[in-house]
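Please look at the sequence and the model shown here.

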Amino acid sequence: MTDLFFNPLDEGYVANPFPHLAEMREHLPVQQTLAGPWAVFRNADVTRLLREPGLSVDPAMADGPETERDRMFLEIHNGELPPPSTSILDVDPPDHTRLRRLVSKAFTPRAIEALRPMIQDLVDQQLDIMAEQGTVDVVDHLAFPLPFDVITKMLGMPAGDTDSLRTWGEQLVRTLDPIVDEQTLRDAAIADVKMDEHITGVIEWKRENPGDDLLTALIDVEEDGDRLTTTELRDQVGLLFIAGHETTVNLIGTGIYELLRNPEQLALWRDDESVGPGAIDELLRYVTPVQFSRRISIAPIRFGDVEIPEKAFVLAGLASANRDPEFWGDDADSLDLTRSNASQHMSFGNGIHYCLGASLAKMEGQVAIHSFIKRFPNATEASEPHWNGRINLRGLEKLPLRLT
Ligand code: HEM
């Protein structure tokens with residue numbers, strides 16, 4: 001019986017989760033996982049879960065799974081729990097509506113398009129460095145530094161401290177996995193405090209050194225009639241910083257890897273620019289850089305003959321929805337850059353929490369991957385890639401390539 005339950009700890013799951021997710025869709029599409037949270041795996045159910053009004057994203061609305069995390073925090077921080085997160089990913093309307101409106105001012109299509117030359121420059125610089133080396137790890141040289149530099153520049157954060165920020169970000173996002181061990185929680189509790197202290201310091205520095213950047217714009221909003229409190233400001237900056245790079249790295253790294261494994265698709269995009277916009281959507285569908293989102297049931301919610309109780313964490317299987325043949329047809333497991341409905345993928349979620357950085361992420365992915373395959377058409381794997389071991393923000397930690 002346990003074979004039927006979602007078990008991402010299975011050997012080989014992170015390298016290829018899709019056969020296991022297909023089993024879940026087929027045999028137990030709505031289930032309480034052995035780790036506690038509920039989960040839905042079919043495209044129609046995932047869509048409904050994310051869109052249905054009356055569900056929450058606020059962890060305080062749930063019973064159970066947060067208890068262990070709280071216990072760890074109490075132990076590490078001398079009996080004090082941190083205040084609940086006010087990041088837009090963790091709050092419901094009306095707070096969500098107010099905060100999202102303020103933050104989204106910086107994400108207009110025109111503001112994002114204006115970043116294109118900077119993104120192309122950063123990519124070209126990295127490709128030049130790579131060209132000198134012959135054999136390189138494309139994650140270390142392109143997939144990670146590009147989104148990291150873009151969000152750092154966009155926010156107007158000071159240069160430096162990259163290593164600490166990278167480590168704290170990694171430790172924090174590991175807690176997004178459906179199953180988390182004690183050491184991971186312990187590391188994240190410490191990283192959380194360090195990241196908050198760091199961002200608070202950056203905000204103070206930025207007050208003295210304003211610029212033409214997102215952080216200055218958000219500070220101005222805070223000071224303009226107290227519509228964004230200092231805590232709210234800190235939490236939005238933390239979210240933007242982490243969401244801005246820990247996700248896109250997986251699109252670029254795993255995207256290049258999948259193209260190398262599908263050389264006819266790579267050649268198609270390399271030789272025909274017009275495939276571009278659809279190609280990045282299809283890669284987003286195919287790799288699903290964030291494999292799960294989540295909601296909390298306020299009241300019992302029924303999917304077919306299964307009722308999920310109130311106050312339950314429910315995982316939305318985005319990666320599974322992106323490969324559901326009921327929605328995509330029999331070739332759901334094939335990479336097809338010309339797929340006409342690829343933009344209906346679930347990789348950016350759905351409903352009111354739909355990813356605020358979607359256009360930015362698509363632009364970064366498109367510029368980075370397309371420039372890479374144009375510049376290094378003969379790239380091949382130099383040695384085995386390393387997966388990052390993450391169930392949710394699944395991606396490659398290392399992708400060593402021979403470029404010529
Ligand atoms: C390939 C890259 C990315 C992927 C796959 C991704 C995916 C997601 C997903 C799945 C959600 C949650 C949606 C839901 O629960 O319904 C989300 C929310 C969010 N993302 Fe992204 N994201 C990416 C890049 C970015 C970037 C570059 C930024 C900002 C610079 C960003 C900022 C946000 C924010 C602020 C939210 C919260 C929105 C809300 O709660 O209203 N993301 N993203």
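Strand E2 (residues 38-40) and strand E8 pair in the parallel sense over 3 bridges; two strands are said to pair if DSSP finds at least two bridges between them. Helices (H or I, at least four residues) and strands (E, at least two) are DSSP runs, numbered from the N terminus. Within this pairing, Ala316 of E8 is the bridge partner of Val40. The structure is a predicted model, in which local features need pLDDT of at least 70 and side-chain atom pairs count only at pLDDT 80 or more, while totals for chains, interfaces and linings use all residues. Residues are numbered from 1 along each chain as its sequence is written.

Strand E8 also pairs with strand E5 (residues 292-297), here in the antiparallel sense and over 5 bridges. Arg295 has Val314 of E8 as its bridge partner, and Phe292 stands opposite Gly317 in E8. E5 is in turn joined by 2 bridges to strand E3 (residues 55-56), and these two run antiparallel. There, Leu55 stands opposite Ser297 of E5.

How enclosed is E8? A residue is called buried if 20 or more other C-beta atoms lie within 10 Å of its own, exposed if 12 or fewer, and partly exposed in between, with C-beta atoms placed from the backbone. By this rule 5 of the 5 residues of E8 (residues 313-317) are buried, so the strand is largely enclosed by the rest of the structure. Phe313, Leu315 and Gly317 point one way from E8, Val314 and Ala316 point the other way, and all are buried. E5 is mostly covered as well, with 6 of its 6 residues buried. From E5, Phe292, Arg294 and Ile296 point one way and Ser293, Arg295 and Ser297 the other.

Attention now turns to the ligand. Of the 27 residues around the ligand, Gly244, Thr247, Gly349, Cys355 and Gly357 come nearest; a residue counts as near if its C-beta atom, placed from the backbone, lies within 6 Å. The elements that give two or more residues to this shell are helix H12 (230-245), helix H13 (248-261) and helix H18 (358-375). H12 provides the largest share, 4 residues. By class, the shell has 16 nonpolar, 10 polar and 1 charged residues, where Ala, Val, Leu, Ile, Met, Phe, Trp, Tyr, Cys and Pro count as nonpolar, Asp, Glu, Lys and Arg as charged, and the others, Gly among them, as polar.

Helix H18 has 18 residues and reaches 26 Å from its first C-alpha to its last, close to the 26 Å expected at 1.5 Å a residue (1.5 Å times one less than its number of residues). Its buried residues include Leu360, Met363, Val367 and Phe372. The buried residues of H18 pack against several helices, among them H5 (109-113), H6 (116-131) and H13.

Finally, the whole chain comes to 18 helices and 12 strands. Buried residues make up 42% of its 404 residues. The C-alpha atoms fill a box of roughly 60 × 55 × 35 Å, taken along the principal axes.

Terms used:
Two residues are in contact if their C-beta atoms, placed from the backbone, lie within 7 Å.
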